[in-house]
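Here is a short briefing on one structure. It starts with a side-chain pair, then turns to a helix and its packing.

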Amino acid sequence: MTFTTELKVPPEPAFASLVEAFAADAAHRSDLAPEQARGIAAAARSGFEIVVEQKLVAARDALHLVASCTPAYLQVSLFERGMPVDDALARRDPQWSQVGAEVDAAHWICHGTGGSEL
């Protein structure tokens with residue numbers, strides 16, 4: 001199955017379960033094995049919770065999640081603004097290392113003033 005779907009949520013802890021459900025549904029629709037689907041859902045929730053916990057300013061833009069599926073892969077991206085995170089910093093942070101351990105690959109991409117993407 002091929003699809004792309006998006007979700008925008010406020011940077012509030014109460015939305016963590018919605019983020020997890022969004023990722024779990026995308027994983028289910030992509031026909032991943034149950035343990036892989038659980039890992040993706042857990043990583044999405046954990047990533048969201050860490051971003052919300054570490055937010056640098058009181059008011060922040062909504063977090064934007066995108067799930068893209070092709071016959072070869074499922075990619076779940078979390079776009080946020082306000083955290084200066086890149087792959088090197090994430091590898092040194094135990095919280096981000098734990099998120100990466102749940103999935104096949106995890107990468108931070110810096111979009112400059114546009115924020116960053118996990």
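The side chains of Glu-80 and Ser-116 are joined by a polar contact of 2.4 Å. A polar contact is a pair of N or O atoms within 3.5 Å; within protein, one must be able to donate a hydrogen and the other to accept it, and residues adjacent in sequence count only if both atoms are side-chain atoms. The model is predicted: local features need pLDDT of at least 70, side-chain atom pairs count only at pLDDT 80 or more, and totals for chains, interfaces and linings use all residues. Numbering runs from 1 along each chain as its sequence is written, and side-chain values use heavy atoms, leaving out hydrogens and water.

- Glu-80 lies in strand β3, residues 74-80. Helices (H or I, at least four residues) and strands (E, at least two) are DSSP runs, numbered from the N terminus.
- Glu-80 counts as buried because its relative accessibility is 1%. Buried means under 20% relative accessible area, exposed over 50%, and partly exposed in between, with a 1.4 Å probe and protein chains only.
- Beyond four places in sequence, Glu-80 touches Val-51, Arg-60, Leu-63, Trp-108, Gly-114, Gly-115 and Ser-116. Contact means heavy atoms within 4.5 Å.
- Ser-116 sits in strand β5, residues 116-117. Ser-116 is also buried, at 1% relative accessibility.

**Helix α2**

- Helix α2 covers residues 34-53, 20 residues in all. At 1.5 Å a residue it should span 28 Å, and its end C-alpha atoms are 28 Å apart, so the two agree. The expected span is 1.5 Å times one less than the number of residues.
- Its buried residues include Ala-37, Ile-40, Phe-48 and Val-52.
- Cover for the buried residues of α2 includes β1 (3-9), α1 (16-29), β2 (63-69), β3 and α4 (94-101).
- Ala-44, in α2, is buried at a relative accessible area of 10%. Ala-44 touches Val-19, Ala-23 and Leu-78, not counting residues up to four places away in sequence.

**α2 against α4**

- The axes of α2 and α4 come within 8 Å and cross at roughly 160°. The two helices are therefore roughly antiparallel. Axes are lines fitted to C-alpha atoms, for helices over the stretch in contact, with angles from 0 to 180 degrees between N-to-C directions. Angles under 35 degrees count as roughly parallel, over 145 as roughly antiparallel, 65 to 115 as roughly perpendicular and the rest as oblique.
- Ala-43, Ser-46, Gly-47, Ile-50, Val-51 and Glu-53 in α2 meet Gln-95, Trp-96 and Val-99 in α4.
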